[in-house]
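Reader: I have a structure to look at and would like to learn how to read it feature by feature. Where should I start?

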Amino acid sequence: MTLRRIMLFTRFERFWHWTQMVLIMILLFTGFSIHGFHDLLSFKTAVSWHTGSALILLLLWVFAIFWHITTGTWRHYVPTTNGLLKVAKFYAFGIFKGERHPYRKAYWRKHNPLQAISYLALKLFLFPAIWISGILYLLYSFWGGAESGDSLMWVAVIHTVFAFAIAAFVIIHIYLLTTGNSFKEHVMPMINGFDEVELSEAEEAYLEKDEPGHIQ
Amino acid sequence: MFIIGNRVSFRLALNLISGLLLLSLALGAQATDELSQAAHKIDADMNFRLDKLVEKPTLRSDSNSTADHTKFEELKDPFMSGPEVTKACLKCHTEAGQQFMKNIHWTWSYENKKTGQLLGKKHLVNTFCTNSRGNEGMCAQCHAGYGWKDESFDFNNENNVDCVVCHDRTGTYYKTPPTKGNKSCSVMFEGKQPIQWSKVAQNVGLPARENCGGCHFYGGGGDGVKHGDLDSSLIHPNKELDVHMDEAGPNMACTNCHVTKKHVWAGSRYDVIAKDTEGTGKPGQRRDVATCESCHSASPHPVNSLASIKLNDHVDRVACQTCHIPTIARGGVATKTDWDWRTAGKTKDGEGYKEKNYTQGNGEHRATYKSIKGNFKYGENLVPHYGWFDGQMIYTTIDTKFDPASGPVDVNRYTGSADDENSRIWPFKQMHTFQPYDKGYNTLVYMHLWGEDQDAYWGNYDFGKAIKAGMEKNNLPYSGEYGFVETYSYWPITHMVAPKEDALSCDECHSKEGRLKDLEGFYLPGTSPDHGIGRWLDIIGLLALAGTLLGVLGHGLIRFVLNRARK
């Protein structure tokens, strides 16, 4: 096993991540405006940007899902209990004592078990919840009417509840970037794609022979 | 040569004669102008258009008549009265009289088939001068007929129909009250030039804004008083005031929307189509509705942006008027918002008087107190009152009993709600009044306001006598004791449609203190739930977010402190 810098986040994954980041920020800001938490935007601007960003994000997700399936990248998110407790204990106690992170990134397992299960929950639960409620909200005039009573309020409230959860995720996500050696070191892999990973001899040989641009 | 020369001199003579004729006509017009100004000075606040000349008649741009009425021999008679003119009209327009007599401008009576209520000016009590019934000697100056003074008027004589009040295109025709009234009032209508019946009869055409407006702009006793979206500023409006009637633009006349079928008009506030899902209908114009949708369709906004698409999603729940008439009384003419009859009847040296302490946008002074009517308040650029409206109005009629202790009485009340699919949010002008009622029987009253007799309020300033006479005249019971009751009335708003740039922005409603904040039964995005579980979930969400932030900050702080301790 050797520690090498390899291409861990390919170009599409980085494009997906940062585009999604920008869109989610716009959505949170405009969404909270639509919900009446702030009035920094006109309602028309907020709704137009919110709807437009949401439609672009949906399209991006279509591509991202396609990418996960066709490239097999989905395997990074298969949940595992192996080492989960260790990572959790690290963030609860070990980190304060200056211990080393217990997880070692692998070529086909770039997320630690806690990360993997968090991202899986985000992708399988939070994101679908926000876009299903969002589409219901957007298409209100097709199903809502005089008899639907409070249902639009419920859709709005549920949509907002999930927006709070995503906002909380964003906060934790950004905070965790500070838990490494440096914030920059933690962010760089998502910018240039390269990160240090422990490779098996076979993986190293494969990369050097077939993907020389993906290993440094 | 000789013949030609003779013809030239003949033409010269003809030109001279017609020139002189024109000159005398112009001088005559000037004279009548001065006279009308003199009448104006007596009481500028009365200013019925019916009562004065139109300085500049509007042009109807859509006339496609195939007849020139100046060429008809039948109209060259020296007519001496209105019915004579009508008789001549009906010689050719054989069915017009019978057709017209079916319509509300003639009957002043309307039976609402859905509620069974008998409506129309002949029956109703309103929140302004309260009742035309029994006061026809004054009020019937706006009846499209000749000589309705009292019960004896013949509603079956088609020669009594007043054709020219609607069809006069000279701007010189006028109407005065059918009877003289008390001297304090009659003075306002004296000293007028006689009507030139033949000239008027020969210059008829489709009604233009000043024809309809002659009455409809002056409802409630003066310019703009009643409706707020109908006043004399609409005779020559600009685009900002009314995008359809804009004189420099489409220059539309009332009847372009209030389409006519055999002298019956579409669009009545007694039977409002609050939601038109039919839109433009089949090819060819719909002749039975005056709705916006009948021209603009049920999806009127262009599908060229996300916001426009969303706007079309509004039409099922929000009337076009709600966004496209941002405010009413925008043309420089004020509308009356408050009327307090309680203070009426004060005199100075035994004479009635007026105080004119309101100056409206066009510079005219409006009465804030009149002995004959009480105190008034006015409004301009008014934000309308909004409500869910299904097109139905319920009236407090003369025989409706109410409980004055249970708050203000709605003299007319609109029905509708968020959970009714036929209701939409509509704008209304709300009128607030204190008016006399029968304290014993708890009903509204008919007052005898106008007359030459001792019982008329406009003369004796005695409510007791006026109410007693008003009720007796109609064989209605009166307890003998009157009081004043607080009332509201509601007038659906549909005119003074602004250009699209001036339509309401989304925030006018979609915000916490928005225009619809008093409406209930639906969720309005942009306002955030203000009660119930929705409100609680918002609070929990915000707390959770704050908790997360505090959590990571705490986690970070402990890391920071312990790291330093280790070093």
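Author: Start with burial: a residue is buried if 20 or more other C-beta atoms lie within 10 Å of its own, exposed if 12 or fewer, and partly exposed in between. Keep in mind throughout that this is a predicted model.

Reader: Take helix α7 of chain A, residues 183-192. Does it lie largely in the open or under cover, and why?

Author: It lies largely in the open, because the number of buried residues among its ten is zero. Just after α7(A) comes Gly193(A), with a positive phi of about 90 degrees.

Reader: Which strand in chain B is mostly covered?

Author: Look at β11(B), where four of the five residues are buried.

Reader: And how do I read the pairing of β11(B) with β15(B)?

Author: Look for the direction and the bridges. These two strands pair in the antiparallel sense over five bridges.

Reader: Which strands pair with β10(B)?

Author: Strand β5 of chain B, residues 335-340, runs antiparallel to β10(B) and is joined to it by five bridges. Within that pairing, Asp340(B) has Asn375(B) as its bridge partner. Strand β9 of chain B, residues 369-370, also runs antiparallel to β10(B), with two bridges. Here the partner of Lys370(B) is Gly374(B).

Reader: How many residues lie between β9(B) and β10(B)?

Author: Three, and the two strands form a hairpin.

Reader: Next, the nonpolar core. What should I look for?

Author: A core here is a set of buried nonpolar residues joined through C-beta atoms within 7 Å. The largest one has 74 residues, and those with the most contacts inside it include Trp426(B), Val445(B), Met447(B) and Trp458(B). Among the elements of chain B that give two or more residues to this core are β10, β11, β15, α15 and β17. The largest share, six residues, comes from β15(B).

Reader: What is Val445(B) in contact with, leaving aside its neighbours within four places in sequence?

Author: Its contacts are Pro436(B), Tyr437(B), Asp438(B), Ile467(B), Gly470(B), Met471(B) and Tyr482(B).

Reader: Is His432(B) buried, exposed or partly exposed, and why?

Author: His432(B) is in strand β15 of chain B. It counts as partly exposed because 16 other C-beta atoms lie within 10 Å. Not counting residues up to four places away in sequence, His432(B) touches Thr337(B), Asp338(B) and Tyr488(B). The C-alpha atoms of His432(B) and Lys377(B) are separated by 9.5 Å, and these residues are 55 residues apart along the chain.

Reader: Which residues have a positive phi although they are not glycines?

Author: Two to look up are Lys262(B), with phi of about 45 degrees, and Met496(B), with phi of about 60 degrees. Lys262(B) is in the loop between β3 and β4 of chain B, and it counts as exposed because it has 12 C-beta neighbours inside 10 Å. Met496(B) is in the loop between β17 and α16 of chain B, and it counts as buried because it has 28 such neighbours inside 10 Å.

Reader: How do I read a pair of packed helices?

Author: An α-helix has 3.6 residues a turn, so residues three or four places apart point the same way. In chain A, helix α4 (residues 113-138) and helix α6 (residues 151-176) pack at an angle of about 145 degrees, with their axes 9 Å apart. Their crossing is left-handed. The contact includes Leu122(A), Leu126(A), Ala129(A) and Ser133(A) of α4(A), and Val155(A), His159(A), Phe162(A) and Ile166(A) of α6(A). By class, it has 14 nonpolar, three polar and no charged residues.

Reader: Last, how many residues of chain B are in contact with chain A?

Author: 36 residues of chain B are in contact with 34 of chain A. On the chain B side, α12 (306-312) and α16 (532-566) are the elements that give two or more residues. The largest share, 15 residues, comes from α16(B). By class, this side has 14 nonpolar, eleven polar and eleven charged residues.

Technical notes: Residues are numbered from 1 along each chain as its sequence is written. Chains are lettered from A and ligands numbered from 1 in the order in which they are written. This is a predicted model: local features need pLDDT of at least 70, side-chain atom pairs count only at pLDDT 80 or more; totals for chains, interfaces and linings use all residues. Two residues are in contact if their C-beta atoms, placed from the backbone, lie within 7 Å. Ala, Val, Leu, Ile, Met, Phe, Trp, Tyr, Cys and Pro count as nonpolar, Asp, Glu, Lys and Arg as charged, and the others, Gly among them, as polar. Two strands pair if DSSP finds at least two bridges between them. Axes are lines fitted to C-alpha atoms, for helices over the stretch in contact, and angles run from 0 to 180 degrees between N-to-C directions. A crossing is left-handed if the near helix is turned anticlockwise from the far one by less than a right angle, and right-handed if clockwise.
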